[in-house]
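Let's walk through this protein together, from its sheets to its domains and ligands.

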Amino acid sequence: MLKTGFVGWRGMVGSVLMERMRAEGDFKGFEPLFFSTSQAGQAGPDVGIDVPPVADAFDYDLLKSMDIIISCQGGGYTEKCYPELRKTGWNGYWIDAASTLRMADHSVIILDPVNRNVIDKALDNGVKDYVGGNCTVSLMLMALGGLFEKNLVEWMTSMTYQAASGAGANNMRELVNQMRVIGTDAEALLNNPSSAIAELDRQVISCMRAESFPTEYFGVPLAASLIPWIDRPMESGQTREEWKGFVETNKILGRSDNPVPIDGLCVRIGSMRCHSQAFTIRLTKDIPANEIESLLAEHNDWVKVIPNEKEISMQELSPAKVTGTLAVPVGRIRKLNMGQGYITAFSVGDQLLWGAAEPLRRMLGILLERLA
Ligand SMILES: NC(=O)C1=CN([C@@H]2O[C@H](COP(=O)(O)OP(=O)(O)OC[C@H]3O[C@@H](n4cnc5c(N)ncnc54)[C@H](OP(=O)(O)O)[C@@H]3O)[C@@H](O)[C@H]2O)C=CC1
Ligand SMILES: N[C@@H](CC(=O)OP(=O)(O)O)C(=O)O
């Protein structure tokens, strides 16, 4: 039976992966072994079957005995462990959530509803490294795959509204804590419906500007505010998150030689784990909005086209609605008044599911089917 090692299963992405695998009854047909940098010797996770005690994530002899390794442990681990393992001659399959190996020539960025053809070709060619894409990029492609598939995108911008979860578990906690601190500080005024709104406004802003306001992880307030910068700066003036939009999309689509121009601004907002994006798209051909809607809807089983109407847009294009689901709603689709062939659209998606764990889970399934 094939041996599969899981590293990083305790983290945010890893625990969503475990949840999805359990929900789909995936723990069959292979022998799992769970690794950790801190919990070696402890009991393994409850995945519905008996599992051996947790192994040391730096036990290279044990790692080498795996046919497949899935890592959600982070870039630091990949940087250290992956080259060491390959140096030993290990020739197994490496599936990874971290960005470290995404742009390497020897890797494929996996998002099978969009690039199953690229994945299958790579498997045929003996490629062994399969890396999940950036969450914003994967969610954009799940929403707009129908347009890319038909070569209808001449160029596009993506203006993002990204959740706290993309920055990590501590940042999610800090966002909620910031909300609590603001709410507690304003409680007396809120409880008095006749208090002046200007006074409430002053109270909130002075609370957010106070030395004591919790900003250890974000550096600045996010609750009742936003942060127009995600990841580190690039020489181009883009942030690294913005840079990924172009390079990763084109690599996923297998068109790095003939890339679609993509750029935009990435902004952190106070959503918990759903990334939203507003697109401006220049089409290669002017086609009617209803045709665009059909192409989008037909592309995959998870995209959900939302009519450009107030009530349903408010209900469905909402992190509050989408969180914890695999649905990728896309709506607000309409022609822009810039001229023929310009459209706009807006989408929402859970960045820990299609943005992180789901492409890895599905890649494991593809591999197990191939290797059976
Ligand atoms: N967060 C995101 O939105 C996305 C993340 N990714 C990538 O996935 C990788 C992992 O990210 P993420 O899941 O956010 O990382 P986490 O920080 O949540 O988890 C990483 C590791 O931290 C260790 N850890 C330490 N303390 C705890 C604790 N209290 N609870 C759970 N784990 C703990 C665990 O390793 P151990 O068992 O060894 O102690 C765990 O596997 C990164 O490379 C990231 O870039 C990719 C797409 C989206
Ligand atoms: N950078 C993303 C999350 C993430 O982990 O991205 P990547 O997998 O490309 O490092 C965000 O902050 O929302």
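**A walk through the fold**

To find one of the pairings on screen, pick Val-330, whose bridge partner in S13 is Ser-347. Keep in mind that you are looking at a predicted model.

Look next for helix H13, residues 353-371.

The protein has another sheet to visit. In this one, seven strands form an open sheet in the order S3-S2-S1-S4-S5-S7-S6, and the pairing is parallel. Strand S3 (55-56) and strand S6 (107-110) stand at the edges with a single partner strand each, so one side of each has no neighbour in the sheet. Within the sheet, strand S4 (residues 68-71) and strand S5 (residues 93-96) pair in the parallel sense over four bridges. Here you can pick out Ile-70, which has Ile-95 in S5 as its bridge partner. As a reminder, strands of a sheet pair through backbone hydrogen bonds, either parallel or antiparallel.

What does the whole protein look like? It contains 13 helices and 13 strands. Its radius of gyration is 22 Å, close to the 21 Å that the globule rule gives for 372 residues, so the protein is as compact as a globular protein of that length. Along the principal axes, the C-alpha trace spans about 70 × 55 × 40 Å.

The chain can also be read as domains. The domain assignment gives domain 1, made of 3-134 and 356-371, and domain 2, made of 137-162 and 230-351. The centres of domain 1 and domain 2, taken over C-alpha atoms, are separated by 28 Å. Where they meet, 13 residues of domain 1 are in contact with 15 residues of domain 2. On the domain 1 side, the elements giving two or more residues are helix H4 (112-124) and H13. The largest share of that side comes from H4, with four residues. By class, the domain 1 side that touches domain 2 has eight nonpolar, three polar and two charged residues.

Finally, turn to the ligands. Which residues come nearest to ligand 1? Of the 27 residues around it, they are Gly-11, Ser-36, Thr-37, Ser-38 and Ala-98. Two or more residues of this shell come from each of helix H1 (12-23) and helix H13. H1 gives the most, with three residues. By class, the shell around ligand 1 divides into 10 nonpolar, 16 polar and one charged.

Around ligand 2 you will find Ser-99, Asn-134, Cys-135, Gln-162, Gly-166, Ala-167, Ile-230, Asp-231, Glu-241 and Lys-244. The shell around ligand 2 has three nonpolar, four polar and three charged residues.

Methods:
Residues numbered from 1 in each chain as written. Chains lettered and ligands numbered in written order. Predicted model: local features only at pLDDT ≥ 70, side-chain atom pairs only at ≥ 80, totals over all residues. Near = placed C-beta within 6 Å. Nonpolar A, V, L, I, M, F, W, Y, C, P; charged D, E, K, R; others polar. Domains from an automatic or database assignment. Contact = placed C-beta atoms within 7 Å. Pairing = 2+ DSSP bridges. Rg over C-alpha atoms; globule rule 2.2 N^0.38 Å.
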